[in-house]
Amino acid sequence: MKDVQPGEALDDLIKPYTIVTSSDGKQSDAMTTVWASQVSFDPPMVMISVGKKRKTHELIENSGEFVVNTLRESQKKVADYCGHASLKSEDKLKEQNIEVQKASKVMAPLLKGSPSALECKVFSRQDCGDHTVFIGEVVAAHKEEGTPVGLFKNDMVMPGK
Ligand SMILES: Cc1cc2nc3c(=O)[nH]c(=O)nc-3n(C[C@H](O)[C@H](O)[C@H](O)COP(=O)(O)O)c2cc1C
């Protein structure tokens, strides 16, 4: 193998393509997130890595909760919007008419149409450079028909294709 810059090899990681929703009870937000993973079976736990300047960061710090929503192919436009618009004043969900439904155990909403959603309460947080890794215990989970997608570099990848 030849030596490369870390970024070149990191690009080879295939990531889950998700939207993390958050809420402090007054305002809600949705952020496209690919730095996400399961980290424990029992109890079920996941991690997400959130840039410190994101509105999502503020809402998770304030509420101690978040939801990881997986994505299906047809939700690409929602993911593009929630990944690039980042004005802290803006309400992405309302402005784009992104349909949500109430979660059962947290304030953050579930994205309608996602193949699955994991409601999480923050178990711990780790400072990681310009991001914070939030580890969440999954307190409720939901599923619909459909296959979730992943991301490789800038391309959506689909299991089985
Ligand atoms: C494909 C894609 C993946 C992203 N993954 C992450 C991520 O894992 N963590 C993160 O903090 N930002 C990630 N971002 C950037 C945020 O989605 C973006 O800054 C977003 O506008 C932040 O929203 P907010 O300020 O409303 O929280 C990603 C963006 C794209 C397009």
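1. Both faces of strand β5 are covered, since M45, M47, S49 and G51 on one side and V46, I48 and V50 on the other are all buried, where buried means under 20% relative accessible area, exposed over 50% and partly exposed in between, with a 1.4 Å probe and protein chains only. Seven of the seven residues of β5 are buried, so this strand is largely enclosed by the rest of the structure. Strands are DSSP runs of E with at least two residues, helices are runs of H or I with at least four, and both are numbered from the N terminus.

2. Please keep in mind that this is a predicted model, in which local features need pLDDT of at least 70 and side-chain atom pairs count only at pLDDT 80 or more, while totals for chains, interfaces and linings use all residues. Residues are numbered from 1 along each chain as its sequence is written, and side-chain values use heavy atoms, with hydrogens and water left out.

3. Four residues lie between β4 and β5, which together form a hairpin.

4. These strands belong to an open sheet of seven, with antiparallel pairing and the order β3-β2-β6-β9-β10-β5-β4. Because β3 and β4 stand at the edges, each with a single partner strand, one side of each is left without a neighbour in the sheet. Neighbouring strands are turned by 35° against each other on average, direction ignored; axes are lines fitted to C-alpha atoms, for helices over the stretch in contact, and angles run from 0 to 180 degrees between N-to-C directions. Further along the order, β9 and β10 run antiparallel and are joined by twelve bridges, and D127 stands opposite T132 in β10.

5. Helix α2 lies across β2, β3, β5, β6, β9 and β10, and runs at about 50° to β2. Helix α3 packs on the sheet as well, touching β2 and β3, and its direction makes about 105° with that of β3.

6. T32, which is found in strand β3, counts as buried because its relative accessibility is 18%. Apart from its neighbours within four places in sequence, T32 is in contact (heavy atoms within 4.5 Å) with Y17, T18, I19, V78, A79, C82 and G83.

7. The largest pocket has a volume of about 730 Å³, and of its 31 lining residues the closest to the centre are T32, T33, V34, R54 and G83. A pocket here is an open set of points on a 1 Å grid over the protein atoms alone, where a 1.4 Å probe fits and protein lies on both sides within 12 Å along at least five of seven lines, and lining residues have an atom within 4 Å of a point. Helix α3 gives the most to this lining, with six residues.

8. The second largest pocket has a volume of about 240 Å³ and is lined by 19 residues, with S37, Q38, V46, V68 and L118 nearest its centre. By class, this lining has twelve nonpolar, seven polar and no charged residues, whereas that of the largest pocket has eleven nonpolar, ten polar and ten charged residues.

How values were computed. Points joined across faces, edges and corners; volume = space filled by probe spheres on them. Nonpolar A, V, L, I, M, F, W, Y, C, P; charged D, E, K, R; others polar. Pairing = 2+ DSSP bridges.
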